[in-house]
Amino acid sequence: MKSLSNSGCSIMYTMKTFYGRANPTTGALDWVEESEEYDYHQEIARSCYADMLHDHDRNKKYYEGIRAAVTRVKARGEKVIVLDIGTGTGLLSMMAVTAGADFCYAVEVFKPMAEAAQCIVEKNGFSDKIKIINKHSTDVTVGPDGDMQVKANVLITELFDTELIGEGALPSYEHAHQNLMQDRCEAVPHRATVYAQLVESELLWSWAQLQPVEVEGARLVPPPAVGRCAGAHAVCDIQLSQVSPASFTPLGPVCTMFTVDFSKPVSSAFQAHSSQFVAQSSGRAQVVLSWWDLDMDPSGSIVCTMAPSWTYQEPKMAPWRDHWMQSVYFLPVESQVTEGEELSLMVCHDDYSLWYSLQPPHQEDICAPPSRPCCTCQAHLVWTRPRFGELNDRRRTESYISALRSVLREDSVCLSVSDGSLLPVFAHMLGAKKVFGLENSQMSKQVIDEVLEANSMKGRVELLEIRLEQLTSNDVGGEQISVLMGEPYFSTSLLPWHSLFFWYCRTALAGLLRPNASILPRAASLHMVAVEFQDLWRIRAPCGTCEGFDVTPMDEMVQRSLDFHESREAEPHPLWEYPCRALTQSTAAMTFDFTQCLPQQPISTQGSLSFIREGRCHGVALWMEYHLTDDITVSAGLTGPINEQGDCEWSRHRKQGVYFFGSPWEISGDGRAAVSYSFTFEPSLGDIRMDFTVTSQ
């Protein structure tokens with residue numbers, strides 16, 4: 001048993017056990033010894049606690065709202081008893097006591113966070129006024145022997161996610177009003193308002209529906225079932241500020257869809273709301289953009305908004321936050337609208353989620369509200385939204401078709417190793433003699449089969465749902481493979497180099513390949529560039545003091561979790577959503593030759609990159625590039641050259657790796673400082689160990 005002492009508080013971690021963990025690079029099941037607290041540490045290390053505490057706009061608005069609520073209760077001559085649900089660090093409870101609250105009950109279900117909150121409350125001298133309750137709020141009891149002595153008259157919560165209600169806010173409010181709150185109470189926030197805008201967007205719609213592809217003059221069309229499918233239900237949450245207004249056409253105004261008053265009893269039952277408007281443009285109704293505001297007081301004078309930056313007169317004034325973003329909803333069907341046409345946008349919600357539909361105007365009472373959408377075609381379960389975007393990327397598709405065209409012959413026997421890939425379909429359309437596709441699941445096999453059937457090619461490609469190590473010559477008709485191809489894409493990949501699983505596949509299949517077999521891609525390279533993040537650094541930066549309160553125990557808790565080996569490595573982020581500046585040139589740090597089998601010994605490389613721009617270096621961005629042929633390369637990272645200011649354009653299809661430095665480095669940009677790097681690829685482990693050091697001359 002290990003005790004970690006922190007400011008007089010002890011947080012205990014015990015025992016170790018073995019976990020079976022699928023290795024995304026090797027495909028093997030690895031048995032590793034980890035602490036029983038391993039999952040806790042991973043959740044803490046990857047959490048947004050720091051991001052929330054760095055969100056000064058949020059903190060300021062909450063503080064103002066809390067002061068106003070306490071003042072209103074005191075004006076009634078009542079003692080101020082606060083219930084803070086989802087207290088996290090205890091910040092909002094400490095704000096309440098500072099504002100004059102008599103006592104706070106602070107509820108936190110996540111045990112490590114509750115322990116940290118207890119330490120923070122004690123460190124700031126509030127332990128006599130704040131009681132930390134390590135329970136779910138629905139388990140809290142009231143009474144002489146209960147968790148709360150009396151019911152509260154001020155309800156403070158931060159239970160929201162990007163969709164507002166996705167973390168169970170409505171059931172929690174419902175229970176609190178029924179069981180934990182006085183009849184006349186104040187709430188901070190007082191009210192939430194959900195907004196939506198109907199748009200046409202080729203970019204966003206490409207994340208929901210498979211588009212036709214031209215191959216050698218023939219048109220590959222998606223299966224009809226995919227076009228009719230309402231798609232995956234889960235919300236698409238993104239940094240909408242990074243989607244340029246040039247990427248969509250508004251078909252109507254920003255509509256107020258519904259509000260929730262948190263100071264009154266709240267229902268988690270199904271509800272439907274609609275907003276009528278006149279179409280301001282003609283186009284295809286495809287996508288709904290949505291966000292919400294919080295009114296911290298009844299008058300609506302203290303507002304915390306999630307609106308994207310392009311709704312501001314001064315976009316740079318928009319606060320950045322990653323814990324609350326914006327939502328994209330895809331309509332069940334695409335429909336044509338005409339400028340001047342009357343439209344009715346409907347939003348439905350249950351206790352955890354929202355969904356939108358376009359209804360005939362003035363018929364909301366006649367038409368039954370649509371049920372929650374679900375995928376019926378399987379494609380939206382096999383392909384993620386970024387994956388749909390990748391499959392619909394015409395430029396990328398043309399690169400693969402050109403590469404295939406250069407290696408295929410009339411007698412080519414092809415084997416594709418990628419999950420839910422169209423490469424075997426392309427190979428058949430380009431004239432290969434035989435094409436096989438190795439699929440990882442019955443569902444992905446079914447989706448590609450439906451693509452083939454929709455294009456009168458059923459049976460022309462043989463899809464194999466078989467484990468790689470079990471594949472024999474009989475499974476490919478006794479033929480030797482002349483073209484082994486992959487994008488590579490694997491649904492289990494998290495970090496860019498996990499796609500090296502293709503190399504393991506190529507090695508395992510060596511006995512089935514012709515001596516002169518073409519491997520596509522021929523190679524892959526791992527690239528890096530040292531960067532300054534505009535905002536993403538906040539998710540890893542320690543807070544120290546937040547709004548005048550010492551929260552260093554939380555910093556220390558997060559650091560302990562980051563010290564676990566897996567958390568010390570790079571982490572995946574879609575960098576197109578998180579602007580950064582390159583402070584060095586980019587470089588290919590490692591190259592992996594797929595034409596050769598996987599080596600038995602580790603591959604190591606080291607070098608350095610000089611800083612060429614002034615800035616604050618927060619870490620290193622990493623990505624893979626795939627060399628399909630000698631002259632055709634597809635990047636899963638930078639999609640264009642870095643400009644003179646260091647601005648970067650990133651692929652929207654894959655996440656890049658980010659290695660955060662423990663603390664940022666101030667760089668003068670005079671060329672006398674450099675980032676030294678070393679990488680070691682361990683084939684037996686399927687892992688890349690990396691280390692970076694900033695040095696100055």
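Predicted model: local features only at pLDDT ≥ 70, side-chain atom pairs only at ≥ 80, totals over all residues.
In the UniProt record, an unreviewed entry, residues 190-359 are listed together with residues 523-697 under "domain: Protein arginine N-methyltransferase".

## The chain as a whole

The chain holds 15 helices and 38 strands, and its C-alpha atoms fill a box of roughly 90 × 70 × 50 Å along the principal axes. Buried residues make up 56% of the 697 residues, and, of the contacts between residues at least 6 apart in sequence, 76% join residues at least 24 apart.

The domain assignment of the chain gives domain 1 (49-158), domain 2 (192-376), domain 3 (393-519) and domain 4 (523-696). Taken over C-alpha atoms, the centres of domain 1 and domain 3 are separated by 57 Å.

Five strands form an open sheet in the order 7-6-5-8-9, and their pairing is parallel. Strand 7 (130-133) and strand 9 (181-188) stand at the edges with a single partner strand each, so one side of each is left without a neighbour in the sheet. From one strand to the next, the twist averages 25°. Helix 4 (residues 91-98) packs on this sheet, where it touches strand 5, strand 6 (103-107), strand 7 and strand 8, and the direction of helix 4 makes about 175° with that of strand 6.

Strand 5 (residues 81-85) pairs with strand 8 (residues 152-157) in the parallel sense over four bridges, and leucine 83 stands opposite leucine 155 in strand 8. Strand 5 also pairs with strand 6, again in the parallel sense, over five bridges, with isoleucine 85 standing opposite valine 107 in strand 6. Five of the five residues of strand 5 are buried: Ile81, Leu83 and Ile85 point one way from the strand, whereas Val82 and Asp84 point the other way.

## Helix 6 and its cover

Helix 6 (residues 169-179) is mostly covered, with eight of its 11 residues buried. The buried residues in helix 6 are Ala169, Leu170, Pro171, Ser172, Tyr173, His175, Ala176 and His177.

Strand 16 and strand 20 run antiparallel and are joined by eight bridges, and the bridge partner of alanine 272 is cysteine 348 in strand 20.

## The hairpin of strands 37 and 38

Strand 37 (residues 673-682) and strand 38 (residues 687-696) run antiparallel and are joined by 10 bridges; for valine 675, the bridge partner in strand 38 is valine 694. The two strands form a hairpin with four residues between them, and glycine 686 in the turn has a positive phi of about 65°.

## An exposed lysine in a loop

Lysine 316 is placed in the loop between strand 18 (303-305) and strand 19 (326-337). Because exposed means over 50% relative accessible area, lysine 316 counts as exposed at 83% relative accessibility. Although lysine 316 and leucine 575 are 259 residues apart along the chain, their C-alpha atoms are separated by 19 Å.

Conventions
Residues numbered from 1 in each chain as written. Heavy atoms only, no water. Pairing = 2+ DSSP bridges. Axes fitted to C-alpha atoms, helices over the stretch in contact; angles between N-to-C directions. Contact = heavy atoms within 4.5 Å. Buried < 20%, exposed > 50% of the residue type's maximum accessible area, 1.4 Å probe, protein only. UniProt positions renumbered as here; feature names shortened; annotations may be inferred. Domains from an automatic or database assignment.
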